[in-house]
Amino acid sequence: MPKTHQSPQDRGVRPSIALPRALVPPRTAWAVRAEQAVEYDVVLTRDLLDPADDSLARAGVGPALSAPARRCVITERTVEQLYGDRLSAYFRAHGIDVRRLVLDLGEEKKTIESVLRVVDTFDSHGILRRQEPVIAVGGGVLTDIVGFACSAYRRGLPHVRVPTTLIGLVDAGIGAKTGVNHGGSKNRLGSYFPARCTLVDPTFLATLPNRHLSNGLAEILKIALVLDRRLFELLEEHGSLLRAERFQGISAPGAQAAEETLRRAIGGMLAELEPNLWEDQLERAVDYGHSFSPALEMHALPGLLHGEAVAIDMALTTVISCGRGLLTTGQRDRVLAVTTALGLPLTHPVCRPDLLERALADTVRHRDGRQRLPLPADIGSALFVNDLTVAEVRSAAAFLHERGNDNA
Ligand code: NAD
């Protein structure tokens, strides 16, 4: 008879069970280590709300699952007014039963109360934890609020982001961070919780007001100044056209510039974020423009938009870099000229030395006790300094203030 293979259990032998590491040897102190793989997609697309395109209907649904037939879709008032009908028609065409929440937002409403409103909707919707990704459609304020709510609700609900502003397309919608303002401080509460998928569709920019286009162009200028000289040249040559055409590619050069600018801005941002998603490394080039701006933005509310505050921060640090010989005066003037051409401010009445000093002190706390201040060194690269003086900040602010008066 051929010999058949018998497992130890078949032979009546009990396998020895290895004791878990936490029990052997007997101990009274334990070090727990675990790793979490993070994977998410950012997809540049067009005409997302065309019912013939199923990417939004399928977004965030794992390959093993069939697309579930319910979704919680969260938007903000303006987006609802502009795109609500198309959103409804889209989900109807895909047979998806949608529960909608429309929030009245703005930077002042970027609060924990708004997060709780979203959470209440999840509860009343009886949302399934794994299979019904929440869909957030809106600007950076909305995606930050919904992302935070999703990270907190039952400790993690999958979500999909559809950014509808330029800041959202190139920055707020594509990273891992969520957050809300608290106690007068910007993004004081938040989490690292990327969406499963972000669908980036520039057609939403067709309705975005000019000021908000400029706002997003500030974050693109940031990437250009510290990471990508070619992107700076694109903005220098085509920035006004991009703004005038709202990235819709009305002319041939406009179409080419829009495509390359978005590709480089998103790719540059993700290349910086990916190896440092939890910001363990505190020296981050993408923090450029974000050293003084949080305090400026919060103090000027609602006078300064996020990107406008970032632009003022970049103007200050450009002048500081020039003072240190990291940029020539010619390069400094090119940067300031592009900033202005993109419709962005170089200064603001709140940009006073006392506030700038406090802003820097807060940033030092945020960066664990050191300045770690990114400065542009040549156009398209950055270095980090820890020895910025109050005198340098004052002198840069005065220079910009005078230049602002000259241009007035
Ligand atoms: P926002 O969300 O307030 O949107 C700006 C305005 O545009 C709003 O009035 C909105 O109703 C309107 N709007 C949105 N889409 C529109 C469209 N398609 N057409 C017409 N109007 C439209 O502001 P924002 O600039 O998108 O985002 C700024 C926020 O993003 C800030 O709170 C900032 O902290 C945050 N942010 C977050 C990150 C991150 O990594 N999480 C990164 C950058 C910025």
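Predicted model: local features only at pLDDT ≥ 70, side-chain atom pairs only at ≥ 80, totals over all residues.
1. Let me begin with the overall make-up. The chain has 408 residues, and buried residues make up 50% of them. Its secondary structure comes to 13 helices and 10 strands. Along the principal axes, the C-alpha trace spans about 100 × 60 × 45 Å.

2. On to surface and charge. The accessible surface of the chain is about 19,600 Å², and carbon and sulfur atoms contribute 52% of it. There are 47 positive and 49 negative charges, and their mean positions lie 7 Å apart. Among the surface features is a positive patch, formed by Arg129, Arg130, Arg154, Arg155 and Arg196. Is Arg129 buried, partly exposed or exposed? It is partly exposed, because its relative accessibility is 36%, a value between the 20% and 50% cut-offs.

3. Ser214 is worth a visit on the buried side. This serine belongs to helix α6, which covers residues 210–227. With a relative accessibility of 1%, Ser214 counts as buried, since the cut-off for that class is under 20%. Which residues does Ser214 touch, once its neighbours within four places in sequence are set aside? The partners are Arg243, Leu342, Gly343 and Leu344.

4. Next, please have a look at Ala255, which is found in helix α8 (residues 252–273). Its relative accessible area is 33%, so Ala255 is partly exposed. Not counting residues up to four places away in sequence, Ala255 touches Glu245 and Gly249. For the pair Ala255 and Glu245, which are 10 residues apart along the chain, the C-alpha atoms are separated by 8.9 Å.

5. Asn187 is placed in strand β7 (residues 185–192), and its relative accessible area of 33% makes it partly exposed.

6. The other backbone case is Asp368, which is not a glycine but has a positive phi of about 60°. Where does Asp368 lie? It is in the loop between α12 (353–366) and β9 (373–376). Asp368 counts as exposed because its relative accessibility is 59%, and the cut-off for exposed is over 50%.

7. Last, a peptide bond to look at while you have the model open. Which form, cis or trans, does the bond from Leu301 to Pro302 take? The bond is cis, and its omega is near -5°. Pro302 itself is found in the loop between α9 (293–300) and α10 (306–323).

Technical notes. Residues numbered from 1 in each chain as written. Heavy atoms only, no water. Patch = residues over 30% accessible without salt bridge, like charges linked within 9 Å, V, L, I, M, F, W, Y side chains within 5 Å. Areas by Shrake-Rupley, 256 points an atom, 1.4 Å probe, with all protein chains shown as cover. Salt bridge = Lys/Arg side-chain N within 4 Å of Asp/Glu carboxyl O. Lys, Arg positive; Asp, Glu negative; His and termini not counted. Charge placed at Lys NZ, Arg CZ, Asp CG, Glu CD. Buried < 20%, exposed > 50% of the residue type's maximum accessible area, 1.4 Å probe, protein only. Helix = DSSP H or I, 4+ residues; strand = E, 2+ residues; numbered from the N terminus. Contact = heavy atoms within 4.5 Å.
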